Amino acid sequence: GIGTGTGTGAIIRLPKSVAMFASRACRRSIMIGEPLSEKKMTEVVRRLRDVEQPWSCPHGRPTIRHIKDLLDDLITDEKVSSKVVAGELAAMSQSQSQSQE
């Protein structure tokens, strides 16, 4: 049968053909870090509107990143970078003033 085991906690296995198609779908998908044109991004979002469950791939991996979370991460990264650069500039300035004395 499709499942193995009995009762609760049973492991459900997909038929090999379903697993093969799920794997092929992921392999042909847009991968993390792949640059996309604005036209391609718009096309992807429009096509996701027609999908019954657009939030994950057939393997359960997330397909969409919430913009709010991403913006929070970008803002945090920018604040950290600014502090690092400010610290480096202060150290350089102090080093230069000491070498001029």
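Glu43 is partly exposed, because its relative accessible area is 34%, where partly exposed lies between buried (under 20%) and exposed (over 50%), with a 1.4 Å probe and protein chains only. The model is predicted, with local features requiring pLDDT of at least 70 and side-chain atom pairs pLDDT 80 or more, while totals for chains, interfaces and linings use all residues. Residues are numbered from 1 along each chain as its sequence is written, and side-chain values rest on heavy atoms, without hydrogens or water.

Side chains of opposite charge can pair when their charged atoms come close. The structure holds 2 salt bridges, each defined as a side-chain nitrogen of Lys or Arg within 4 Å of a carboxyl oxygen of Asp or Glu. Lys40 pairs with Glu43, with 3.9 Å between the closest N and O atoms. Both residues sit in helix α2 (residues 38–48), 3 residues apart, or about one turn; helices are DSSP runs of H or I with at least four residues, numbered from the N terminus. Lys40 counts as partly exposed because its relative accessibility is 31%.

Glu43 also forms a salt bridge with Arg47, the closest N and O atoms lying 3.8 Å apart. Arg47 is exposed, at 56% relative accessibility.

Turning to the surface, Leu70, Leu71, Leu74 and Ile75 form a nonpolar patch with about 350 Å² of accessible area together. Patches comprise residues with over 30% relative accessible area and no salt bridge, nonpolar side chains (Val, Leu, Ile, Met, Phe, Trp, Tyr) being joined within 5 Å and like charges within 9 Å; accessible areas come from the Shrake-Rupley method with a 1.4 Å probe, and for residues only the protein chains shown count as cover. Ile75 lies in helix α3 (residues 67–100) and is partly exposed at 48% relative accessibility.

Methods
Helix = DSSP H or I, 4+ residues; strand = E, 2+ residues; numbered from the N terminus.
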